[in-house]
Amino acid sequence: MTDKSAMPTDELLMAYADGEASPAEAAAVEAALRAEPAVAERLALFEGTRLAARGAFGAPPVPDALREAVEAMVGRAPARTPPQVADANVVAFRARPRGTAVWRRPAAAALAASVAAVAIGFGAFVAGSRMTPGERAGAGVAQLAHVPLENALAQPSGTAEEVGGRGRVRALSAFRNGAGELCREFEAEREGRLLGVACRREGVWSVDFALVDAPRAEGYVPAGGAEALDSYLESIDAGPPLDPAEEARAIAAAR
Amino acid sequence: MGGERDTMGPMLIAFLPTMRRFALSLTRSADAADDLVQAACERALVNAASFSPGSRFDAWMFRIIRNLWIDRLRRARTRAAVPVEEGEAVAGADGAALAEARLELSDTAAAILRLPDDQREVLTLVCVEGLSYAQAAEVMGTPVGTVMSRLARARVRLAALLQEKGIDVRAPRSSPVRESRS
């Protein structure tokens, strides 16, 4: 900067102080700082106000009444529509595919934490027997692992395949996750409906995610399942669905 | 299906202190802030599905809190049938003084509460809550340029208000570095 009286605008100095200036803008500010001492003083105003404001309010304690009101609201939220409570359960069996370092998405991580705690309906779905929620939570994972998906998931998307006496499984799409594994989104039907994601690793289909609707006793169709699945797909960096030709090649290569 | 609600509940509780701090700055009243946060949590639970994973949860909540507060101001104005200047809280000029008396505030917090509504809001979002300019623009529904001009004005004003109390925010670097001129 040749003009020593040149003072960068307040917006520019502020952006520099806040780390929001582009490299070119930052270079201009630094040149001005070298050329004109008054620039440093003005810059200090923006640095100082940020510093002062950051700790100005501290973290005032949340009044008990507010905390209790929100806790009660959160606690009763699912119960507002009673048929929902046991209607749909989300199960993530595997938090992340190999090769993906972390769950980058906080909401997805929270989803994983929350799904671990829900009772799983798929045990009853597969076995067709009555179990307590606790039994189902354990048995669901184990039994889902034994669903014969091998043939069903080798079918082109849209094809339904009978799986023994256990209902039908329909592959819905094929895609690759962030780790490059071939994955299938599938639907299983028996008394209820299960929406799942299985990925091919070490020569077998591993079910990583399942969302279970209980039998539709009251004709209730859960509305939120798609979002839970979307969150999961986003968390594993799911690519776009493969077109039929790509899908056929990928499936053939995976066998 | 409870997926979003299951996720939303614990997040709301975890973010209560942050939400309340923002609401305090907007409303300048502890009671109004508590009401506002409670209403915002209800709205968040109802609209849980519209939160997109991967975006900042606090920014999403700030937007809900802000929009609710603006709705409330608008209703209060209509009821009062008295024209209120744009950018002026319904509580009026006494609002800041009242808040100062009721809350135990630092000098800086007291000065922030004396800023006009639009400046107070943007300063709280960026300097207190640590949002980027772009995130603040999204919360406020304004262009980034507006965020920057308001924020710069807010900080010049804040520095002047603190100066009145004998506080120089530039203290650490207040003496110009003469020797750098060559």
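Colleague: Where is B:D34 found?

Modeller: B:D34 is in helix α3 of chain B, residues 30–46. Helices here are DSSP runs of H or I with at least four residues, strands are E runs of at least two, and both are numbered from the N terminus.

Colleague: Is B:D34 buried or exposed?

Modeller: B:D34 counts as buried because its relative accessibility is 14%. Buried means under 20% relative accessible area, exposed means over 50%, and partly exposed is in between, with a 1.4 Å probe and protein chains only.

Colleague: What is B:D34 in contact with?

Modeller: Setting aside neighbours within four places in sequence, B:D34 contacts A:P63, A:L66 and B:R20. Contact means heavy atoms within 4.5 Å.

Colleague: Before I go on, what are the ground rules?

Modeller: This is a predicted model, where local features need pLDDT of at least 70, side-chain atom pairs count only at pLDDT 80 or more, and totals for chains, interfaces and linings use all residues. Residues are numbered from 1 along each chain as its sequence is written, chains are lettered from A and ligands numbered from 1 in the order in which they are written, and side-chain values use heavy atoms, with hydrogens and water left out.

Colleague: What is the mean pLDDT of chain A?

Modeller: The mean is 68, and 58% of the residues of chain A reach 70 or more. pLDDT is the predictor's confidence in each residue, from 0 to 100.

Colleague: Where in chain A is confidence lowest, and where is it highest?

Modeller: Lowest is helix α6, residues 122–127, at a mean of 32. Highest is helix α1, residues 10–17, at 97. Over residues 92–146 of chain A the pLDDT is below 50, though the model gives that stretch 102 contacts beyond near neighbours in sequence. Residues 214–224 of chain A also stay under 50, with 18 contacts beyond four places in sequence.

Colleague: How should I read stretches where pLDDT is low?

Modeller: Where pLDDT is low, predicted coordinates should not be read in detail.

Colleague: Back to helix α1 of chain A. What does A:L12 contact there?

Modeller: A:L12 lies in that helix. Apart from neighbours within four places in sequence, A:L12 is in contact with A:E25 and A:V29. A:L12 and A:A28 are 16 residues apart in sequence, and their C-alpha atoms are 9.3 Å apart.

Colleague: And helix α2 of chain A, which of its residues are buried?

Modeller: A:A26, A:V29, A:A31, A:A32, A:L33 and A:A35. They pack against α1 and α3 (37–54) of chain A.

Colleague: Now α9 of chain A. Which residues are buried there?

Modeller: In helix α9, residues 244–254, the buried ones are A:E247, A:A250 and A:I251. They sit on the same side of α9(A), because they cover an arc of only 95° around the axis. The arc is taken over the directions from the helix axis to the C-beta atoms. On the other side, A:R249, A:A252 and A:A253 are exposed.

Colleague: What do the buried ones pack against?

Modeller: Strands β3 (168–176) and β4 (182–189) of chain A.

Colleague: Which residues have the most contacts inside the largest nonpolar core?

Modeller: B:M8, B:L12, B:M61 and B:L123, in a core of 75 residues. The largest share, 10 residues, comes from helix α4 (residues 57–80) of chain B. Such a core is a set of buried Ala, Val, Leu, Ile, Met, Phe, Trp, Tyr and Cys residues joined through side-chain atoms within 4.5 Å. A second, separate core of 15 residues includes A:A152, A:L182, A:F186 and A:A188.

Colleague: What does B:M8 touch?

Modeller: Beyond its neighbours within four places in sequence, B:M8 contacts B:A44, B:L45, B:A48, B:F51, B:F57 and B:W60.

Colleague: Last one. Where is B:R28?

Modeller: B:R28 is in the loop between α2 (16–27) and α3 of chain B. B:R28 has a positive phi of about 60° although it is not a glycine. At 9% relative accessibility, B:R28 counts as buried.
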